[in-house]
Amino acid sequence: MRKFLFIGMMLISLVLTAQSGKVLQQIKAEAQKINTIDAAFVQTKNISFIDEQLVSSGKFWFSRPDKMRWEYQKPFFYSIIINGDDITIVDDKRESRFDAASNAMFGQIKLVIMNMVNGKMFDDPGYHATLTEEDKFYVVNFETVNKAMKDYITSIDLYFTKDSFLMETIRMNEASGDNTMIEFKNQKINQPLSDDIFKP
C-alpha cells in the first residue's frame, strides 16, 4: 500500500511540475511580446522598526531593448533613467550620470530591472524560479542565488494576472526582513513612446 501511495505522490508531483513549467513558459513568452510599457505605480515600503508604511507613487516607462524611466512624483521627485549603458539619476533638479558598463553596482541594478520587465529573469542563473498560484495571480518567486546580491535581496516575487500573464506587482524581500511592494496601474502595452521620455 505504501508503495502505491509513494508512486501516486510521485505522479502528482510530476504533473504539477509539468503544469508549472508550462505556465512559466507562457509568462515568459508573453513578456517577450512586450515592446513598450507606459504605467503608473504605487510603491509601499515596509520597514521592520517603523509601524507606518512608506508610500510613494509615480510613473514608469519601458522600451525594448534597453530603455527605461522610473520616476517618483509623490511625495518627492526622483527619477532613474536608463538608456543603453547610460544611467541618469535626477534628484531635486540635480543630475548624476553613471556608466552601467563600467560600474558594477549600477550594471547589476540595470540588469535586474530590465530582466524583470522583459522576461529574461527566467534565464538568469543568479535566481531560482518557483511558481505558486493565488485566486487572481500566478506568483513567481525568484530566490536569489548570487551571494553578493543575497546580502541585500533574498528573493523577488512577481505577480502575473491569470488572464493576460501581465505583471502587475513586484515584491522585493530584503535580507533585513523589510520588503518593498510595487503595484502597477493603468498599464498601456505596446503603445508608441517618444524618445524624449528617456532623456533627463
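# Questions on a predicted model

Visitor: What is the relative accessible area of Asn190?
Guide: Buried means under 20% relative accessible area and exposed over 50%, with partly exposed in between (1.4 Å probe, protein chains only). Asn190 is partly exposed because its relative accessible area is 38%.

Visitor: What kind of model is this, and how are its residues numbered?
Guide: Residues are numbered from 1 along each chain as its sequence is written, and side-chain values use heavy atoms, with hydrogens and water left out. Local features need pLDDT of at least 70 and side-chain atom pairs count only at pLDDT 80 or more, while totals for chains, interfaces and linings use all residues, since the model is predicted.

Visitor: How many helices and strands does the protein chain have?
Guide: Helices (H or I, at least four residues) and strands (E, at least two) are DSSP runs, numbered from the N terminus. Along the sequence the pattern reads α-β-β-β-β-β-β-α-β-β-α-β-β-β. The totals are three helices and 11 strands.

Visitor: What share of the residues of the protein chain counts as buried?
Guide: Contact means heavy atoms within 4.5 Å. Among contacts between residues at least 6 apart in sequence, 40% join residues at least 24 apart. Of the 200 residues of the chain, the share that counts as buried is 41%.

Visitor: Which residues of the largest nonpolar core touch the most other members?
Guide: A nonpolar core is a set of buried Ala, Val, Leu, Ile, Met, Phe, Trp, Tyr and Cys residues joined through side-chain atoms within 4.5 Å. The largest such core has 38 residues, and those that touch the most other members are Phe60, Ile156 and Phe184.

Visitor: What is the angle between the planes of the Phe60 and Phe184 rings?
Guide: Rings of Phe, Tyr and Trp (its six-membered ring) pair if their centres lie within 6.5 Å; planes under 30 degrees apart count as stacked, over 60 as edge-to-face and the rest as tilted. The structure holds nine aromatic pairs. The pair of Phe60 and Phe184 is tilted, with 5.5 Å from centre to centre and a plane angle of 55°.

Visitor: How many residues apart in the chain are Phe60 and Phe184?
Guide: Phe60 counts as buried because its relative accessibility is 2%, and Phe184 is buried at a relative accessible area of 9%. Phe60 lies in strand β2 (residues 54–63) and Phe184 in strand β11 (residues 179–189), so the pair links distant parts of the chain. The separation is 124 residues.

Visitor: Which residues line the largest cavity?
Guide: On a 1 Å grid over the protein atoms alone, a cavity is a set of points where a 1.4 Å probe fits but cannot get out, and a pocket is an open set with protein on both sides within 12 Å along at least five of seven lines; lining residues have an atom within 4 Å of a point. Helix α1 (2–31), α2 and β9 (153–161) each supply at least two residues of the lining. The lining is made of Ile27, Ala31, Asn115, Met116, Gly119, Met121, Phe122, Phe142, Leu158 and Phe160.

Visitor: What is the volume of the largest cavity?
Guide: Grid points are joined across faces, edges and corners, and a volume is the space filled by probe spheres set on the points. A search of the whole structure finds one cavity of 30 Å³ or more. The volume of the largest cavity is about 40 Å³.

Visitor: How far apart in space are the C-alpha atoms of Lys28 and Lys120?
Guide: Lys28 is found in helix α1 and is buried, with a relative accessible area of 15%. Leaving aside its neighbours within four places in sequence, Lys28 is in contact with Gly119, Phe122 and Asp123. Lys28 and Lys120 are 92 residues apart in sequence, but C-alpha to C-alpha they are apart by 7.6 Å.

Visitor: What is omega for the peptide bond from Arg64 to Pro65?
Guide: Most residues other than glycine have a negative phi, and most peptide bonds are trans. Pro65 lies in the loop between β2 and β3 (67–74). The bond from Arg64 to Pro65 is cis, with omega near 10°.

Visitor: What is the phi of Asn186?
Guide: Asn186 is placed in strand β11 and is exposed, with a relative accessible area of 66%. Although Asn186 is not a glycine, its phi is positive, at about 50°.
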